[in-house]
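Take a moment with the sequence and the 3D view. Then follow the text from the inside of the model to its surface.

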Amino acid sequence: MTAFQVPQRMNFSTVAPRVFKAVLALDTAAREGLDPVLLELVQIRASQINHCAYCIDYHTSDARNAGETEERIYQLSAWQESSLYTEKERAALALTEAVTLLPRGVSDEVYSEAAKHFGDKELAQLIALIFTVNAWNRMNVTTRKTPGTE
């Protein structure tokens, strides 16, 4: 079997290093105070929705390194039908989907459920993480960043 090679359009970090470094700084700030496993689940789920192969590859590896199980990674695309996620994780994943699919809006129900499980500071960090992973996804999908590359 021969794998299809998707050609990368550009190396964004080389072409626009100041923008890349700014998004990297935002990413670092957004992670502060969040559980490492939860933040990887959120980033994987947003990347699945946005069809970002590079980010899915990257964050599943980071999730494993943070102690996440294969079973939970595999079931993430169907988290609503899975019993493997806590109520807090489910609230974070629902918020991730709502923010990522923004034209549908973030309902009061989804926001309130997240607010039940996260204090204001942690919720703000979670929202920042979600919009940051969406920025990475859009950058990498547009430029066709290839999984397994730096």
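Which residues line the largest cavity? They are Gln8, Met10, Asn11, Phe12, Ser13, Phe20, Met139, Asn140, Thr143 and Lys145. A lining residue has an atom within 4 Å of a cavity point, and a cavity is a set of points on a 1 Å grid over the protein atoms alone where a 1.4 Å probe fits but cannot get out.

The model is predicted: local features need pLDDT of at least 70, side-chain atom pairs count only at pLDDT 80 or more, and totals for chains, interfaces and linings use all residues. Residues are numbered from 1 along each chain as its sequence is written, and side-chain values use heavy atoms, leaving out hydrogens and water.

A search of the whole structure finds 1 cavity of 30 Å³ or more. The volume of the largest cavity is about 60 Å³, taken as the space filled by probe spheres set on the points, which are joined across faces, edges and corners. Helices α1 (12-15) and α8 each supply at least two lining residues. The largest share, 3 residues, comes from α8. Helices here are DSSP runs (H or I, at least four residues), numbered from the N terminus.

Asparagine 140 sits in helix α8, which covers residues 120-143. Is asparagine 140 buried or exposed? Asparagine 140 counts as buried because its relative accessibility is 7%; buried means under 20% relative accessible area, with a 1.4 Å probe and protein chains only. Leaving aside residues up to four places away in sequence, asparagine 140 touches Cys52, Tyr54, Cys55 and Lys145. Contact means heavy atoms within 4.5 Å.

Notes:
Buried < 20%, exposed > 50% of the residue type's maximum accessible area, 1.4 Å probe, protein only. 1 Å grid on protein atoms, 1.4 Å probe; cavity = no way out; pocket = protein on both sides within 12 Å on 5 of 7 lines; lining within 4 Å.
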